[in-house]
Amino acid sequence: MKRVLVIDDEPLARMVVLEYLQGFSDQIEVLQECGDGFEGLKAIQQYQPDLIFLDVQMPKINGFEMLELVEQPPSVIFTTAFDEYAIKAFETHAVDYLLKPFTRDRFNKAVEKFLSQAPVVHPVKQTESLLEAASQSPAQHERIVVKTGTKVKIIPVNDVEYLEADDDYVSVHTSEGSFLKNKTMSFFEQTLDPSTFVRVHRSYIIKIQNITRIDPYEKDAHIAILKSGAKIPVSKTGYAKLKQVLGI
C-alpha cells in the first residue's frame, strides 16, 4: 500500500481528490488531508508518506515553500492552476501535475503513472531540481521561508539586510536576527533583484539601500559599512558591481 497525503486549502478540491482516490483503495492509503502548508509540513514529518497531492497557491506558505522545508521529500503530484514557469518544472521534475479543474480520467492517469514508476533513486535531488526550476517564477522572489526549530518563519525580501555563506547553508540577516536557509549563494544571486541586491564577495550579498559608506581596505579591496553597523568585505569584482549599480 502506498501512503498518501492530500494538501490543499480548498475543501472542495480536497474532496474531489479523496473521491477519485477511492478508485485506488486497494493500492493507496490516505493518511490525512491538510488545509495549508503548515499542516502539510507537520504531516509529512509525522507520516513520511510515499506521495503527496499538493496545491501550490495556498495561504501562509505556498506549496513550493513547504517543499523547501522538507528534509526527505516524497513524490509529488501537483493539483493546481499555476504559471508557465511552474508548469515547466512540473513537466520535468514532478511525478505529474493536474491543472484544475481536472477530470477523473486525467487524475487516474496521474496516479497510475506514480504506481507504475520505479522508486526514485535520488528523491531529494529531484525535488531540489523542481524547486530550482520553479524559482524562475516571479512569485517566488518576494519572500524567504525558513525553519527555526519546529517553527516556520516568513521573511519578506525587503527585510533582508544581507546574506552570508555558511557552509552548506546561507545565513539570512535581518533586524530580527539571522536565519539559515538551505540554498546556495548562487541561487540568491540569480533570483534576487540585481538592482537591489549585489554580490560583493563570494560569501556576501548585500542590499544596497543598507550601505552607509564604502571604505578602502587593503589592496583592491573595500569594506561596506551597513546601517546596522555590520562590516561586509567587498572584493575587487564586487566593488566594480557596486559602482555599476550605484552609478559611480
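Residues are numbered from 1 along each chain as its sequence is written, and side-chain values use heavy atoms, leaving out hydrogens and water. Because the model is predicted, local features need pLDDT of at least 70 and side-chain atom pairs count only at pLDDT 80 or more, while totals for chains, interfaces and linings use all residues.

Let us begin with α1, which covers residues 11–21. Helices here are DSSP runs of H or I with at least four residues, strands are runs of E with at least two, and both are numbered from the N terminus. The buried residues of α1 are Ala 13, Arg 14, Val 17, Tyr 20 and Leu 21; buried means under 20% relative accessible area, exposed over 50%, and partly exposed in between, with a 1.4 Å probe and protein chains only. Looking down the helix axis, you will find these residues within an arc of 130 degrees, so they line one face of α1. That arc is taken from the directions that run from the helix axis to the C-beta atoms. Pro 11 and Leu 12 are exposed on the face turned away from the buried side. What do the buried residues of α1 pack against? Their partners are β1 (2–7), β2 (28–34), β3, β4 (75–80) and α5, where contact means heavy atoms within 4.5 Å.

Now for the sheet. Five strands form an open, antiparallel sheet in the order β10-β9-β8-β12-β11; two strands pair if DSSP finds at least two bridges between them. The edges belong to β10 (177–181) and β11 (197–201), and each has a single partner strand, so one side of each is left without a neighbour in the sheet. Strand β9 (residues 169–174) is joined to β10 by five bridges, running antiparallel, and His 173 stands opposite Ser 178 in β10.

Finally, some backbone details in the loops. Lys 100 and Pro 101 are joined by a cis peptide bond with omega of about -10 degrees, and Pro 101 sits in the loop between β5 (96–99) and α5 (104–116). Gln 48 is not a glycine, yet its phi is positive, near 50 degrees. This residue belongs to the loop between α2 (37–47) and β3 (51–54) and is partly exposed, with a relative accessible area of 45%. Asp 220, also not a glycine, has a positive phi of about 60 degrees. Asp 220 lies in the loop between β13 (211–216) and β14 (222–226), and counts as partly exposed at 43% relative accessibility.
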